[in-house]
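Here is a short briefing on one protein chain. Keep the sequence and the 3D view side by side as you read.

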Amino acid sequence: MTEATTGATTGTTTPNILDESLHPIDESKLFPAERATHKPRILLLYGSLRQRSFSRLMVEEAARILERLGCETRVFNPSGLPLPDDAEADHPKVQELRDLVMWSEGMVWCSPERHGAMTGIMKTQIDWIPLAPIGGIRPTQGKTLAIMQVEGGSQSFNTVNQLRILGRWMRLITIPNQSSVAKAWDEFDGDDRMKPGPFYNRVVDVMEELTKFTLLTRSQAGYLVDRYSERVESLEKLSQRVNMPKAVAAETAVPAAKVEVAENPKASSCCTPKPATSGKCC
């Protein structure tokens with residue numbers, strides 16, 4: 001091995017990494033000796049308000065399977081949930097949804113496919129779940145997610161693909177498996193129970209996988225999604241808070257009003273930043 005080759009592996013080729021922010025992998029946090037022992041808590045969301053909603057019937061069937069696997073489940077009824085930004089975050093239905101998300105350790109999202117996409121009802125529920133912390137805790141970060149969809153016609157994967165993108169954006173651990181049920185009206189009997197068959201078996205597969213991933217990750221979820229970039233950003237903010245006012249006063253003598261504007265800029269193309277608990281976002 002040449003000197004030029006060995007130099008690339010010595011650890012001296014990453015001058016842009018801040019040592020104090022890049023932590024060694026802590027296996028004690030990846031494999032904690034003490035793990036949660038309560039039943040996995042799973043929240044299920046569906047995306048239709050029809051009287052006989054097949055997405056609701058799907059999550060009810062999924063909840064039965066999850067409970068058989070040892071989970072505790074809650075199903076949120078989206079009826080009465082306002083459109084995002086059409087009500088304040090203290091609206092009872094918004095608070096109910098957010099409380100359930102905070103309670104959960106994993107979620108199931110199931111939407112009908114409408115015009116080749118998830119329904120507005122499904123997206124409204126997701127949009128009311130903030131990315132910003134509530135009480136210092138990000139509601140979705142590090143929790144598990146299973147995604148499903150139902151169609152009135154032939155099988156499609158448009159909706160689960162969209163839901164997977166949203167799950168990643170919400171920093172959820174979205175499991176690999178998924179369910180897409182074609183001609184859903186033909187997959188439920190007169191008692192609104194899902195008929196046996198390949199579609200039902202896939203739902204069982206997905207719920208089994210969700211339970212396993214939830215048990216595997218819930219005790220170390222915070223560590224799994226702890227990010228170097230956010231630790232760097234936090235250090236930068238701390239430095240600015242400690243040093244910037246002194247530098248401004250000593251070097252530029254900018255009036256206080258201008259300093260305030262500089263430290264609290266308006267968003268250029270979105271909206272004015274708001275408190276994390278306000279529920280308002282772009």
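Is Leu 18 buried, partly exposed or exposed? Leu 18 counts as partly exposed, because its relative accessibility is 33%. Buried means under 20% relative accessible area, exposed means over 50%, and partly exposed lies in between (1.4 Å probe, protein chains only).

This is a predicted model: local features need pLDDT of at least 70, side-chain atom pairs count only at pLDDT 80 or more, and totals for chains, interfaces and linings use all residues. Residues are numbered from 1 along each chain as its sequence is written, and side-chain values use heavy atoms, with hydrogens and water left out.

**Leu 18 and its contacts**

- Leu 18 lies in the loop between helix H1 (3-7) and helix H2 (27-30). Helices (H or I, at least four residues) and strands (E, at least two) are DSSP runs, numbered from the N terminus.
- Leaving out residues up to four places away in sequence, Leu 18 touches Tyr 228 and Val 232. Contact here means heavy atoms within 4.5 Å.
- Leu 18 and Val 232 are 214 residues apart along the chain, yet their C-alpha atoms are separated by 7.4 Å.

**Salt bridges**

- The count comes to 13 salt bridges. A salt bridge is a side-chain nitrogen of Lys or Arg within 4 Å of a carboxyl oxygen of Asp or Glu.
- One of them joins Arg 52 and Asp 192, at 2.7 Å from N to O. This pair links distant parts of the chain, 140 residues apart. Arg 52 sits in the loop between strand E1 (41-46) and helix H3 (54-68). Asp 192 sits in the loop between strand E5 (173-181) and helix H7 (198-217).
- Glu 61 and Arg 64 form another salt bridge, at 3.0 Å from N to O. Both lie in helix H3, three residues apart, about one turn of the helix. An α-helix has 3.6 residues a turn, so residues three or four places apart point the same way.
- Glu 61 is buried, because its relative accessibility is 2%. Arg 64 is partly exposed at 35%.
- Arg 74 bridges to Glu 72, with the closest N and O atoms 3.4 Å apart. Arg 74 is partly exposed at 33%, and Glu 72 is partly exposed at 31%.
- Salt bridges that share partners join Arg 41, Glu 105 and Arg 218 into one network.

**Aromatic rings**

- How many aromatic pairs does a search of the whole structure find? The search finds one. Rings of Phe, Tyr and Trp (its six-membered ring) pair if their centres lie within 6.5 Å; planes under 30 degrees apart count as stacked, over 60 as edge-to-face and the rest as tilted.
- The pair is Phe 54 and Phe 188, with ring centres 5.8 Å apart. Their planes are at 35 degrees, so the pair is tilted.
- Phe 54 lies in helix H3 and Phe 188 in the loop between E5 and H7, so the pair ties together parts that are 134 residues apart in sequence.
- The charged end of Arg 74 sits over the ring of Trp 103, 4.2 Å from its centre. A charge sits over a ring if NZ of Lys or CZ of Arg is within 6 Å of the ring centre and within 35 degrees of the ring normal.

**Helix H6**

- Helix H6 (residues 158-169) has twelve residues. It reaches 17 Å from its first C-alpha to its last, close to the 16 Å expected at 1.5 Å a residue. The expected span is 1.5 Å times one less than the number of residues.
- Thr 159, Val 160, Leu 163, Leu 166 and Gly 167 are buried in H6. Seen down the axis, the buried residues fall within an arc of 120 degrees, so they line one face of the helix. The arc is that of the directions from the helix axis to the C-beta atoms.
- Arg 168 and Trp 169 are exposed on the other side of H6.
- The cover over the buried residues of H6 includes strand E3 (106-112), helix H5 (120-127), strand E4 (144-150) and E5.

**Positive phi values**

- Most residues other than glycine have a negative phi.
- Just after H6, Arg 171 takes a positive phi of about 60 degrees. Arg 171 is in the loop between H6 and E5, and it is buried at 13% relative accessibility.
- Asp 192 also has a positive phi, near 65 degrees.
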